[in-house]
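Here's a quick walk through how a few pieces of this fold pack together. Have the viewer open and follow along.

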Amino acid sequence: MRINWKKTIIILLDLMLGVYLTFAITKFNKPDESKKVCTKVNINIQDEMTNGFLNAKEIKKRLEAKQLYPLKKKMTDISARKIEETLKTSPFVKTAECYKTQNGLVDIHLTQRMPIVRIKSANNEDYYIDDHYQVMPNTKYTSDLIVATGQINKWFAQNYISLLSKSLMVNELWRNQIEQINVLPDRSIELVPRVGNHIVYIGRLPECSSKRKREEDINNFVNKKMDRLEKFYKYGLSQAGWNKYSYINIEFDNQIICKKRQQ
């Protein structure tokens, strides 16, 4: 087989020219990254309106304090990783992600830790427990969260009160009706409702060393007690009057003991 060297050389020259032109177009059209600056910063906070722990103004202030706020800085000088690491040090930040785009935009995306109960114990401690049962510091945040008071240490708050509150919060009726959990010295539980001038006593929470089993037992305990309370509200207090009793004891499965309000 005879090779046509002239034709082969022409093809090779055409390929080389094509590669050169592609490189030249890319090179000359590519923006100079060393001169490009950040012209806009987007701070997106998931559940900002419902959680309320974080807002864009506070995030900007935190980054400015560390000289990391990217606006008007060269894109090459902006470290997305440093921004993420700095924001993750906040006790209210669950996740933090930062992205840079070629048009000078920096996107910051945050998710917040979700509080499920506020603890205001008898020893003057004031903090939150999140949905992963971890302690969050006190802040200006206000919400319709259940407040737990009384004889509570952090261990009991994380391992028991958080589970009780979570079980109450998932039920729309009790999320709106129960405003306070009070822990007595023997660790038995009182509930204070929003509607009705009375206190509901439910007794001691079931104890278990296994975290998964404890969560299951407390959830079943709460559902059982509160189902009985709901029926009593519907068929008892609705007829007798919401303010007739000052104390309602649902500790025992086979009876509800009520203390009449003194006239």
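## How α5 and α7 cross

In this predicted model, the crossing of α5 past α7 is right-handed. The helices involved are α5, spanning residues 154–169, and α7, spanning residues 211–240. Their axes cross at roughly 50 degrees and come within 9 Å.

Which residues make the contact? On the α5 side you'll find N159, Y160, L163, L164, K166, S167 and L168. Facing them from α7 are R214, E215, I218, N219, V222 and M226.

Is K225 buried or exposed? It's buried, because its relative accessibility is 4% and the cut-off for buried is under 20%.

Skipping neighbours within four places in sequence, K225 is in contact with I202, I250, E251, F252 and D253.

## The largest nonpolar core

Nonpolar side chains tend to be buried together in soluble globular proteins. Here, the largest nonpolar core has 62 residues. The members touching the most other members are I108, I119, I161, L168, I181, I189 and L191. Both domain 1 (37–112) and domain 2 (115–260) supply at least three residues each to this core.

L168 also turns up in the α5 contact with α7. As for I108, its contacts beyond four places in sequence are V41, N42, I43, N44, L63, I83, L87, E97 and C98.

Technical notes
Residues numbered from 1 in each chain as written. Predicted model: local features only at pLDDT ≥ 70, side-chain atom pairs only at ≥ 80, totals over all residues. Heavy atoms only, no water. Core = buried A, V, L, I, M, F, W, Y, C linked by side-chain atoms within 4.5 Å. Buried < 20%, exposed > 50% of the residue type's maximum accessible area, 1.4 Å probe, protein only. Domains from an automatic or database assignment. Contact = heavy atoms within 4.5 Å. Axes fitted to C-alpha atoms, helices over the stretch in contact; angles between N-to-C directions. Helix = DSSP H or I, 4+ residues; strand = E, 2+ residues; numbered from the N terminus. Left-handed = near helix turned anticlockwise from the far one by under 90°.
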